[in-house]
Amino acid sequence: MKGKILIADDETRIRILVSDFLEAEGYDVITAKDGQEALDLFYAHKDCKLIILDVMMPFYDGFQVVEEIRPLTDTPILMLTAKSTDQDELTGFKLGVDDYVRKPFSPTILVARVNALFSRVYGDYETLEKGIIHFLLKQKKITIENQDIELSHTEFQLLYYLAENEGIVLSRDQILYKVWGFNYEGTERTVDTHMNRLRNKLGKAMEYIQTVRGMGYRFEVTKL
């Protein structure tokens with residue numbers, strides 16, 4: 001088994017669907033039907049490697065669960081939300097949530113996000129291949145077709161955040177808070193400016209970074 005995951009969602013269908021896909025991927029899964037049960041299982045299973053929480057649940061909502069457990073653990077937390085605005089995501093990130101998936105979601109996308117979180121937090125790895133881009137993670141460098149590409153620390157973090165969420169549209173607010181942090185006073189324009197500079201450095205690989213009008217950016221490996 002890759003590790004134990006706690007899933008809390010008041011929809012039985014969601015719990016079963018997510019459990020089946022994660023178990024098929026090699027994870028050990030325990031489930032809770034509400035916020036109270038999620039807290040009970042959290043205290044009973046200290047070996048959980050990831051916690052997946054729905055925002056809207058009986059007794060305690062996902063945010064209340066995070067508020068209680070985050071001071072006690074560094075275990076990564078992924079939130080599920082049915083709301084279409086970014087406000088929930090920003091609230092969660094400020095509380096210490098590591099990632100978000102919006103409902104309705106593709107189970108394969110959720111598994112990809114879970115795998116990315118596990119790799120980032122627990123993985124013993126040094127490189128990542130995305131198309132013609134080769135990431136040297138310890139050195140925080142990239143090469144493209146064996147050529148070193150000079151990136152600033154922020155540009156590397158920006159590209160890596162996009163690449164590890166391949167196929168997923170990330171809003172400018174998500175990118176801003178993930179790459180620059182909550183205390184940064186920049187605007188969405190900051191993201192656009194750095195994205196343009198990054199694209200200019202990637203040569204033909206710039207096509208991997210796609211602008212999704214009215215939504216944000218998506219990294220997608222395409223044939224070049």
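A pocket here is an open set of points on a 1 Å grid over the protein atoms alone, with protein on both sides within 12 Å along at least five of seven lines, while a cavity is a set where a 1.4 Å probe fits but cannot get out; lining residues have an atom within 4 Å of a point. Points are joined across faces, edges and corners, and a volume is the space filled by probe spheres set on them. The model is a predicted one, with local features needing pLDDT of at least 70 and side-chain atom pairs pLDDT 80 or more, whereas totals for chains, interfaces and linings use all residues. Residues are numbered from 1 along each chain as its sequence is written, and side-chain values use heavy atoms, with hydrogens and water left out.

On to the open space. The largest pocket comes out at about 420 Å³. Its lining runs to 21 residues, with R102, I168, V169, Q174 and M215 nearest the centre. By class that is nine nonpolar, five polar and seven charged residues (Ala, Val, Leu, Ile, Met, Phe, Trp, Tyr, Cys and Pro are nonpolar, Asp, Glu, Lys and Arg charged, the others, Gly among them, polar).

Helix α6 (153-164) and α7 each give two or more residues to its lining, and α6 gives the most, with four. Among the lining residues are D99, R120, E164 and N165, and those names also turn up around the largest cavity, along with R113, A116 and L117. That cavity has a volume of about 30 Å³, and four of its lining residues come from helix α5 (residues 107-122).

As for the rings, there are seven aromatic pairs (Phe, Tyr and Trp rings, the six-membered one for Trp, with centres within 6.5 Å; planes under 30 degrees apart are stacked, over 60 edge-to-face, the rest tilted). F42 and Y43 pair edge-to-face, at 5.1 Å and 65°. F42 is buried at 8% relative accessibility, and Y43 is partly exposed at 37% (buried is under 20% relative accessible area, exposed over 50%, partly exposed in between, with a 1.4 Å probe and protein chains only). The charged end of K46 also sits over the F42 ring, 4.8 Å from its centre (the cut-offs being NZ of Lys or CZ of Arg within 6 Å of the ring centre and within 35 degrees of the ring normal). Elsewhere, F135, F156 and Y160 make up one aromatic cluster.
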